[in-house]
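Colleague: Hi, could you walk me through this one? I'm new to it.

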Amino acid sequence: MPTAAVNGIQVSYADSGGDGPAVVLSHGYLMDASMFDAQVAALGPAYRVITWDQRGHGGTRAPGPFGYWDSARDVLALLDHLDIGQAVLGGMSQGGFLSLRAAMLAPQRVRGLVLIDSQAGTEEEASRPGYEQLHQAWLDHGPGAVQEIVAAIILGPGQWDDWYAKWAAQYAQGEPDDVSQLTWAFRCLMDRDDITGRLGEVTCPALIIHGSEDAAIRPARAGQMRDGLAGPTTFTLIDGAPHAANVTHPDAVNTEIVNFLDGLDG
């Protein structure tokens with residue numbers, strides 16, 4: 001994947017090219033741009049699809065602690081690098097967190113939002129201790145000790161060997177910089193601010209897609225986000241889908257995204 005020098009970092013990204021309207025897809029925590037392979041394949045013929053690795057993930061290294069406002073500025077700077085004036089921003093989980101913030105920072109740059117298994121608030125208090133324990137176990141024993149639990153939260157039941165291999169390669173136990181990447185990304189996730197009260201600033205069209213079996217973000221939290229957004233918003237539940245609905249149920253998710261994007265062009 002090529003890289004772009006933005007905001008003092010080297011962002012790894014992929015660009016399908018073409019003359020179609022631009023769609024930028026931002027991945028979830030512990031994932032990378034490849035989680036949108038099925039969406040790139042479905043959208044590529046008609047749209048210019050950009051995927052990228054956020055700080056501390058995939059091919060993009062973080063130079064220090066960061067927050068989702070930093071990530072929002074990263075995606076806007078990537079648009080500048082690619083000479084894209086306006087785009088639809090799509091994101092899964094934390095990808096939605098940063099996309100919402102980008103829409104608040106630069107509403108004129110955001111044509112629409114696709115928010116997959118995301119929300120506007122902070123982590124639920126009941127979930128925090130368990131997540132902190134998982135993170136500490138990862139630091140102490142490496143990803144192998146918790147990878148099945150983590151994968152079940154994100155991807156649902158199954159054997160996710162490709163992701164296990166990626167986590168083992170990227171966040172190696174005992175490598176200080178790799179451990180820092182993991183911790184900075186985790187703290188970004190856990191310590192994010194609540195932007196629920198600012199959702200009324202977002203007036204562009206939005207599509208909310210949520211897995212009915214999402215164990216990380218309950219569908220009700222997505223419903224609260226829908227109710228706060230000021231623009232026209234469509235909310236679709238994907239039956240049986242876990243947190244990463246676009247990975248496990250790509251056909252259903254792709255249908256919703258294509259319909260939404262076609263509506264913007266109509």
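Predicted model: local features only at pLDDT ≥ 70, side-chain atom pairs only at ≥ 80, totals over all residues.

Colleague: Great. How many salt bridges are there?

Modeller: The count is 13, where a salt bridge is a side-chain nitrogen of Lys or Arg within 4 Å of a carboxyl oxygen of Asp or Glu. One of them pairs aspartate 15 with arginine 48, with 2.6 Å between the closest N and O atoms.

Colleague: Which strands do aspartate 15 and arginine 48 lie in?

Modeller: Aspartate 15 lies in strand β2 (residues 9-15) and arginine 48 in strand β4 (residues 48-52), so the pair ties together parts 33 residues apart in sequence. Helices (H or I, at least four residues) and strands (E, at least two) are DSSP runs, numbered from the N terminus.

Colleague: And is arginine 48 buried or exposed?

Modeller: Arginine 48 counts as buried because its relative accessibility is 17%, whereas aspartate 15, at 28%, counts as partly exposed. Buried means under 20% relative accessible area, exposed over 50%, and partly exposed in between (1.4 Å probe, protein chains only).

Colleague: What does arginine 55 form a salt bridge with?

Modeller: Aspartate 74, and their closest N and O atoms are 2.7 Å apart. Arginine 55 sits in the loop between β4 and α2 (68-81), while aspartate 74 is in helix α2, 19 residues apart. Both arginine 55 and aspartate 74 are buried.

Colleague: Switching topic: which residues are buried in helix α6?

Modeller: In α6 (residues 161-170), Trp163, Tyr164, Trp167 and Gln170 are buried. They are on the same side of α6 because they cover an arc of only 145° around the axis, taken from the directions from the helix axis to the C-beta atoms.

Colleague: What does the face turned away carry?

Modeller: That face of α6 carries the exposed residues Asp162 and Ala169.

Colleague: Last one: where is threonine 236?

Modeller: Threonine 236 is in strand β8 (residues 233-238), and at 14% relative accessibility it counts as buried. Beyond its neighbours within four places in sequence, threonine 236 is in contact (heavy atoms within 4.5 Å) with residues including Leu207, His210 and Glu256.

Key:
Residues numbered from 1 in each chain as written. Heavy atoms only, no water.
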